[in-house]
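Let's take a walk through this protein model together. Have the sequence and the 3D view open, and look up each residue as it comes along.

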Amino acid sequence: MPTKLIASPPGARRSWRPDRPTAVLTVLSLLALGCIVCFLTVGIIGSWEFAVPFRARKVVAMTLVAIAVGVSTVLFQTVTNNRILTPSIMGFDALYVLIQTVIVFSFGALTLATVDDRLKWVLEVGAMVLFSSLLFRWLFFGARRSLHLMILVGIILGVLFRSISGFIQRMLDPAAFAVLQDSFFASFNAVNEDLIVISAVAVLICLVVGARLLPVFDVLALGENHSIGLGVNHRRTVMTVLILIAVLVSVSTALVGPITFFGLIVANLAYALTGTSRHRVVLPGTVLLGIIALVGGQLMLEQVFGFNTALGIIIEFAGGILFVILLIRKGPR
């Protein structure tokens, strides 16, 4: 990271200090590390050999979600040039809920609880990626190519999925609906170890592809005309970014459940704290904030509140408030 040189009188010894992004990332790294250490060690009663690996699986799952949701949100805001949007508005969460609802309605609540997690993960990720790929290709490469039209259609399809889910849920018996309702919010308490491995592989592949495009992200943020003028193949690059976003969001949702506003929170906090729009700073800042929020929040939930609520509910509540605030602030512009 670059450092900022402080001007000094002639003959005086020059001093230096890290610039704001470097200082912020350093502090966030220490806070994230502190949250992880506390989560792994605080409140253990009994066997450490069992408790630490059990908690470590949760930490890995939360880290994967922080990476997937944080990176996908920042990239989505880059290609749409709008910081109050998240990939969730494209209907991913609604499609996930619809899949769970159809499974319970067609095969019973017991099937949802006993079906092989790996098979369900493949089904959910495959359905969400296929849905997003068809939407992106149909609208972004069609005769009336428009990113804003794609977002609008995604929102409408999300409303359609929620309406179908709501209609089917009204036909379920109360016991089946109670089982289904547990899948509506993200949960880190019982993450399958096999799903963590395949999710980590998928996220790693997306990060490798994204790392090769890292210098291009700042150019994409300038807008289509400027990026084309600077030599970027805008159509191909944006399509690649959208596919990466679809895979990351799908993997995160299939792993722990939907978290609609989480990316909105950490992305906007990263922009505010780092004071820059450079992706090599904002992306790691977003991921670190996501780890702090998830690991620190889960630590508070387990040690202070005694599992009396779900972390996903708290995130949705805070994110909804932030979304309204951002709408009010940016509305006149």
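Start with Gln169, which you'll find in helix H6, a helix covering residues 147-169. Keep in mind that you're looking at a predicted model. Is Gln169 buried or exposed? Its relative accessible area is 15%, and since buried means under 20%, Gln169 counts as buried. So which residues does Gln169 touch, once we set aside its neighbours within four places in sequence? Those in contact with Gln169 are Val97, Thr101, Phe177, Leu180 and Phe184.

Now hop over to a pair of helices. Helix H2 takes in residues 48-80 and helix H8 residues 193-212; their axes come within 10 Å and cross at roughly 30 degrees. The crossing of H2 and H8 is left-handed. On the H2 side, the residues that meet H8 are Arg57, Val60, Ala61, Leu64, Ile67, Ala68 and Val71. Their partners in H8 are Glu193, Ile196, Ser199, Ala200, Val203 and Leu207. Sort the residues in this contact between H2 and H8 by class and you get 10 nonpolar, 1 polar and 2 charged.

Last stop: the cysteines. How many disulfides does the structure hold? The count is 0. Take Cys35, which is in no disulfide: the nearest cysteine sulfur belongs to Cys38 and is 6.9 Å away. For a disulfide, the two sulfur atoms would have to be within 2.5 Å. Cys35 is also buried, because its relative accessible area is 16% and the cut-off is under 20%. Cys206 counts as buried too, at 7% relative accessibility.

Terms used: Residues numbered from 1 in each chain as written. Predicted model: local features only at pLDDT ≥ 70, side-chain atom pairs only at ≥ 80, totals over all residues. Heavy atoms only, no water. Buried < 20%, exposed > 50% of the residue type's maximum accessible area, 1.4 Å probe, protein only. Axes fitted to C-alpha atoms, helices over the stretch in contact; angles between N-to-C directions. Helix = DSSP H or I, 4+ residues; strand = E, 2+ residues; numbered from the N terminus. Left-handed = near helix turned anticlockwise from the far one by under 90°. Contact = heavy atoms within 4.5 Å. Nonpolar A, V, L, I, M, F, W, Y, C, P; charged D, E, K, R; others polar.
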